[in-house]
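Trainee: I am new to this structure and would like a close look at one part of it, the pairing of charged side chains. Could you take me through that slowly, and then show me how it sits in the whole?

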Amino acid sequence: MPIHLLWGDDEAARTRAVEHLIREHTDPAWQSINLARLDGNDTSQATQALEEARTPPFGGGDRVVVLQRSPFCNQCPAELAEQLEASLALIPSSCHLLLVSHGKPDARLRTTKALQKLVKAGKAKEQSFQLPAVWDGAGQVELVQRTARELGLSLEPAAAEALSEAIGSDSARLASELEKLALYVGAQPITTAAVEALVGSHATNALQVGDALLAGKPAEAVALVDALLEANEPALRIVATLCGQIRGWLWVSLLDQQGESDVNAIAKAAGIGNPKRIYVMRKQIRGRPPARFLALLRQLLEVEAALKRGSDPGDAFRDGFLLAS
């Protein structure tokens, strides 16, 4: 397939897919001629990518043109769109144009529609590489299992869960840890014991801090915040994440009290992009009144005020969480 559309926020997985296609289609002896890596942020390089993709390869192997930050499916200028449409039918089967982007293709654009027609006709291939949300435990386990498959490794189901808890959605670190574990276990499947021996501690994120506050464990919340601060997470970003999390709980609690049962309506009112998350949030807040979430928001307001007055971040969180309790 001459055109490959690769998109998503999982940069590590995207990079692995690009390098796999390069190895698969190019001859190492002719890569200096038949491999081009270009940046779509530069309009001239995007145009150059289309020109090179129309040029048959020299010597052995196919030609591969990699266009990072491809503009063709996101805010594509009219002139570039016309160039792409004119080039699609002219790309020989021995050339591969890799259009790589972070964001999901905009289905409203004519360039995206043209590429989607080729995908449906089997003349192009689309691959998405999306990281699961930090609250999506099942998605994080699937990320571990998918990355292991891509690397040709096997691991026990419990080991996949242990890795997801230890690493979360850090795809680059996940691949590195899997390669290290593969060396450790040799030809055997990766076990939970191996994960505990080499990877160790669990990942920490701001949402876990909110879970600890919700459970009435301020000391645990302070310890988690200290871990985030040691990892150079900005204090105000932690506050912003917690405010969004607790505000979502408050909306779900209030709407549940009013008898609203439509998860799509609740998600829209709460500003939550994925309605499936509502089921998780309902389980988290079961039995807790809205006043509980208002009290947590007041605590965070005190923390934010202290931070903006110049207090030490660790002290601001400890005072806000422990003294209020």
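Mentor: Let us start with aspartate 106 and arginine 108, whose side chains meet in a salt bridge with 3.0 Å from N to O. The term salt bridge stands for a side-chain nitrogen of Lys or Arg within 4 Å of a carboxyl oxygen of Asp or Glu. Side chains of opposite charge can pair when their charged atoms come close. Arginine 108 counts as exposed, at 68% relative accessibility. In these terms, buried means under 20% relative accessible area, exposed means over 50%, and partly exposed lies in between, with a 1.4 Å probe and protein chains only.

A word on what you are looking at: this is a predicted model, in which local features need pLDDT of at least 70 and side-chain atom pairs count only at pLDDT 80 or more, while totals for chains, interfaces and linings use all residues. Residues are numbered from 1 along each chain as its sequence is written, and side-chain values use heavy atoms, with hydrogens and water left out.

Searching the whole structure gives 13 salt bridges. One of them joins glutamate 19 to arginine 37, at 3.1 Å from N to O. This pair links distant parts of the chain, since glutamate 19 sits in helix α1 (residues 11–25) and arginine 37 in strand β2 (residues 35–39), 18 residues apart. Helices (H or I, at least four residues) and strands (E, at least two) are DSSP runs, numbered from the N terminus. Glutamate 19 is partly exposed, with a relative accessible area of 27%.

Now turn to lysine 308 and glutamate 304, where the salt bridge is 2.8 Å from N to O. Both residues lie in helix α15 (residues 290–308), four residues apart, about one turn of the helix. Lysine 308 is exposed at 58% relative accessibility, whereas glutamate 304 is partly exposed at 24%.

The C-alpha atoms of glutamine 299 and leucine 322 are 9.6 Å apart, although 23 residues separate the two along the chain.

What about disulfides, that is, pairs of cysteine sulfur atoms within 2.5 Å? The structure holds zero of them. Cysteine 76 is in no disulfide, and the nearest cysteine sulfur, on cysteine 73, is 8.0 Å away. Cysteine 76 is buried at 15% relative accessibility, and cysteine 243 is buried at 12%.

Finally, here is the whole. The protein has 16 helices and five strands, and its C-alpha trace spans about 70 × 50 × 40 Å along the principal axes. Of its 325 residues, 43% count as buried. Taking a contact as heavy atoms within 4.5 Å, residues 24 or more positions apart account for 72% of the contacts with a separation of 6 or more.

Notes:
Disulfide = S-S within 2.5 Å.
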